[in-house]
Amino acid sequence: RFTRARRDSRRRTHDMSALAASVAAPRRASYPHRRARARLVAPARASAETRAAGGSTEKKGKVFLIGAGPGGIDHVTVRALRLLRACDVVVHDDLGASDAALLDEAPRSAERVHVGKRGGDARSWTQPDIDNLLVSLCAKGKIVARLKGGCPSVFSRARSEMDALARNGFSYELVPGISSALAAPLRAGFPLTDAKVGKHFLVCSAHDPSSIDFAAFADVDTCVFLMAGRSMDAVCEGLARGAGKDGSTPAVVVRDACGDEEAVWRGTLSSIRSRIPKSEKLSPCVVVVGGVCALGDGYDDARGGDGEATLGRDVEPGSVAVSGDLDLDLADLDLARLDLDETAAGKGKVVESLRRMVQDRDARIKELEEELLVSKRAARMLRGRK
């Protein structure tokens, strides 16, 4: 009996010790909110350890080198808009990246820095100064939207900014955009390539025509020159003499493609310069020489070249001018909802009806976005319970 009593006493002592230990350090339960809390606490503990060791915990910034396209908010990518709406600072060029509607997409609190980058503009920053600015902003922990006209991959001096950021240990990301070399031909009504007359193309900067090897263009179907506003004569002469291009080769000049001052002149290599009035300002312009240019003949009539705003151009919501027979393909719209009177249907009434339809669609889209957000939250909760 004495042995059994001692054994029972030891067992009770052991049980009490285990109970005390469990109270002092409760067992970790597998609950979603506790796991989430652990994920949040871990980085904080790591930061505290870094501070205790004398290390730096300052937030590092990042630069997104974003292609702003040829001009206008309608010609930027969805990703570009998303990044612009989430940035701390916008550093933007002049050409293609200074559109007011585009810059308004950035948060009101975001700083906006105009660095110019346009020939002859005294406000333009030097490239080293821009590099230093980006490094300085990153050192302050800023998320920077570096808006570059066109695409960062085409004559944007992106390498200088990339090298400066990498040399100082800061992250960056390249975001594609639409280059004017690709947009200008389309604005003039022809593709840059064609299976018969345009199997290849060559894009070159005409900023310094004396450095161009025009002989390299001899066997190229389509020749594209950017920044050619001040060097039109040198480019045409170089293609004729250096590349041996025939004077009858179709040529097109597009000024300010997709912009407010867009204009298109058509001709041939020998006549295109005389087609442009001397009083016209050409910068910024793209010069295209090759058989594909002839494919754009008649495009102005095909798209409705009456100068009025059309559904494919930059227009303010509700300001679309509807005229003519109304022979528009609006199959996607619920025309039955338009409150029209066959005897007295004014433009204002049509616009107002269209505006109401757009507002209804926008409201429905907002409802769907809210429902999607709730669904995503529910899905995360369910995943956490499994």
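Residues are numbered from 1 along each chain as its sequence is written, and side-chain values use heavy atoms, with hydrogens and water left out. As the model is predicted, local features need pLDDT of at least 70 and side-chain atom pairs count only at pLDDT 80 or more, while totals for chains, interfaces and linings use all residues.

Student: What pLDDT does the protein average?
Tutor: pLDDT is the predictor's confidence in each residue, from 0 to 100. Of the residues, 70% score at least 70, and the average for the protein is 79.

Student: How many contacts beyond four places in sequence does the model have for residues 306–333?
Tutor: A contact means heavy atoms within 4.5 Å. Where pLDDT is low, the predicted coordinates should not be read in detail. Over residues 22–54 pLDDT stays under 50, and the model has 11 contacts there beyond four places in sequence. Over residues 306–333 pLDDT also stays under 50, and the number of such contacts is 27.

Student: How many helices and strands does the protein have?
Tutor: Helices (H or I, at least four residues) and strands (E, at least two) are DSSP runs, numbered from the N terminus. On that basis the secondary structure comes to 11 helices and 10 strands.

Student: Is H92 buried or exposed, and what is its relative accessibility?
Tutor: H92 sits in strand β2, which spans residues 89–93. Not counting residues up to four places away in sequence, H92 touches residues including L103, V113, V115 and L147. H92 counts as buried because its relative accessibility is 6%.

Student: Which side chain makes a polar contact with the side chain of H92?
Tutor: A polar contact is a pair of N or O atoms within 3.5 Å; within protein, one must be able to donate a hydrogen and the other to accept it, and residues adjacent in sequence count only if both atoms are side-chain atoms. For the side chain of H92, the distance is 3.2 Å and the partner is the side chain of S98.

Student: How far apart in space are A158 and L65, C-alpha to C-alpha?
Tutor: A158 lies in helix α6, residues 158–167, and counts as buried because its relative accessibility is 7%. Leaving aside neighbours within four places in sequence, A158 is in contact with K148 and P152. A158 and L65 are 93 residues apart in sequence, yet their C-alpha separation is 7.7 Å.

Student: Which residue meets E173 in a salt bridge?
Tutor: A salt bridge is a side-chain nitrogen of Lys or Arg within 4 Å of a carboxyl oxygen of Asp or Glu, and the structure holds 13 of them. For E173 the N to O distance is 2.6 Å, and the partner is R79. The pair links distant parts of the chain, 94 residues apart: E173 is in strand β5 (residues 171–175), and in helix α3 (residues 78–84) is R79.

Student: Where does E105 lie, the salt-bridge partner of R85?
Tutor: The closest N and O atoms of R85 and E105 are 2.7 Å apart.

Student: In which helix do R241 and E237 both lie?
Tutor: The side chains of R241 and E237 meet in a salt bridge of 3.1 Å, N to O. R241 counts as exposed because its relative accessibility is 69%, whereas E237 is partly exposed at 41%. The two residues are four apart, about one turn of the helix, and both lie in α8.

Student: Why do the buried residues of α8 lie on the same side, and what arc do they cover?
Tutor: The buried residues of α8 are M232, V235, C236, G238 and L239. They are on the same side of α8 because, by the directions from the helix axis to the C-beta atoms, they cover an arc of only 160°.

Student: Which residues are exposed on the other side of α8?
Tutor: The cover over the buried residues of α8 includes β7 (222–226), β8 (250–255), α9 (272–275) and β10 (285–290). On the other side of α8, the exposed residues are D233 and R241.

Note on methods: Buried < 20%, exposed > 50% of the residue type's maximum accessible area, 1.4 Å probe, protein only.
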